[in-house]
Amino acid sequence: RLHLVTWNVGTAAPPPDVSSLLQLDSLGPTMDMYVIGLQEVNSRITNFLSDLAFDDPWSIFFMTVLSPLGYIKLSSIRMQGLLLLIFVKHVHLPFIRDVHTHYTRTGLYGYWGNKGGVTVRMSLYGHTVCFMNCHLPAHMENTEQRLDDFEKILEMQFEGENIPSTLDHDVLFWFGDLNFRIADYGIHFVRESINNKRYNLLWEKDQLNMAKKKEVFLQEFIEGPLQFKPTYKFDLYSDVYDTSEKKRKPAWTDRILWRVKNLCQHASKESKSSEEEQTISVTLNNYISHMSYGISDHKPVTGTFGLEMKPLLSDPLVTLSPEGEWSAEHDVLISYSAVPEFPSSAWDWIGLFKVTFRHVNDYVTYAWVEDDEISSNEDSKQVYMSAAEIPDTGGEFLLCYYSNNLQSIVGISQPFQIQPNRTLEKDLTQDENSWMQKPDSLESRNEF
């Protein structure tokens, strides 16, 4: 289950709560992956420079919300105001490989990143999946420019790298502030149709729908029905369309589309054997806007999808576990084994993580698999971790094996408990008792 968000946040700070946006209150099964595409994240020079060194406020915000629920930030890519974040459940990490990011500027003839696209691609259980967050040129008259820019982004992502082109991925999700408008109809007809919830009257003049009928490269993209109000342009903190002097015409600028490569191939080769199964399919379960969020003049849009796939990978490259019961009082051992074809490296490491860890560098401590190895045989290897590196307070933790060659976590243990350091607990108790006795002596001093 994949939940995809697109939102032009208009340089605003994160809202107090995103439970409904992320469907955290839903009674159904939890999501396996969150894909969050933002546009117009605050990109003033001072903000941008600090965000290069540290996570930006939006990334920190979503990590704070999702990490306690068992999601890790798998990848992110930022180009000025464009930000793409991907969070996944821990259990899927060993089956996600070959993660790569890219960006393409289209603003100011390709020299400025206020418009363009950012992309994250990966192999998911052996299938190639690509996510592309775009911010295309604004204004009614720029339809052709929007289409030209999107074609350019498609062509330039991962160009020259040993990675499939965007259209060669098994599944491609295309979303963002695509800025397509409603042509021909006047503002009064558009608003009246919206007020009467007769959105279908506007569909045929939606510029993206019109372009999909003419442009061959767009015809393979699928979109759910636009059964929600146009998401642009609203007065801030309201569900009232633009009351400023400009009175912008409402439009479905914020969209989510997808393309399944095998479907495209099957459509063009009807003579294919009926025995050949579709190894991956995408089902749209929900395509809605969220009117309660008013921090910008756009409303966020979400798509909830089911990805059904025949796993081409069923076993992790590395399996690992803590040896025996772990305590903060003594040195500990980690056992792991790798499949024969695993491309290990001297730079591989095993990290100790809290179960609520946010991203791959959010480890408590780590051990080098070669430097800290203490035994090895055909079946498994053992790695040593010093008690000095283990948190004295103990708690619930995970072990993750990070592959330097694959630039990803390729093995993850079950959660386990580390017992606290009891010597430290005694010291703390003694300190508390002595502190409790101090007020009397202080009082006697204060009498003078």
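The legends below describe close-up views of a predicted model.

Residue numbers start from 1 along each chain as its sequence is written, and side-chain values rest on heavy atoms, with hydrogens and water left out. Local features need pLDDT of at least 70 and side-chain atom pairs count only at pLDDT 80 or more, while totals for chains, interfaces and linings use all residues.

**View 1. The six-stranded open sheet.** The strand order is β3-β4-β2-β1-β12-β11, with mixed pairing. Strands (E, at least two residues) and helices (H or I, at least four residues) are DSSP runs numbered from the N terminus, and two strands pair if DSSP finds at least two bridges between them. At the edges of the sheet are β3 (71-79) and β11 (280-289), each of which pairs on one side only. From one strand to the next, the twist averages 15 degrees. Axes here are lines fitted to C-alpha atoms, for helices over the stretch in contact, and angles run from 0 to 180 degrees between N-to-C directions.

**View 2. The β1-β2 pair and helix α2.** Strands β1 (residues 2-8) and β2 (residues 33-39) run parallel and are joined by seven bridges. Asn 8 has Gln 39 of β2 opposite. Helix α2 (residues 57-66) lies across β1, β2, β3 and β4 (82-89). The helix runs at about 15 degrees to β4. In a regular strand, side chains alternate between the two faces of the sheet.

**View 3. The four-stranded open sheet.** This sheet has the order β13-β15-β19-β18, and its pairing is antiparallel. Its edge strands, β13 (318-322) and β18, each pair on one side only. The twist averages 20 degrees from one strand to the next.

**View 4. The β18-β19 hairpin.** Three bridges pair β18 (residues 373-376) with β19 (residues 381-385) in the antiparallel sense. The hairpin connects β18 to β19 through four residues.

View 5. pLDDT is the predictor's confidence in each residue, from 0 to 100. The protein chain has a mean pLDDT of 88, and 87% of its residues reach 70 or more. Residues 271-276 have pLDDT below 50, and beyond near neighbours in sequence this stretch has three contacts in the model; contact means heavy atoms within 4.5 Å. Residues 438-448 also have pLDDT below 50, with zero contacts in the model beyond near neighbours in sequence.
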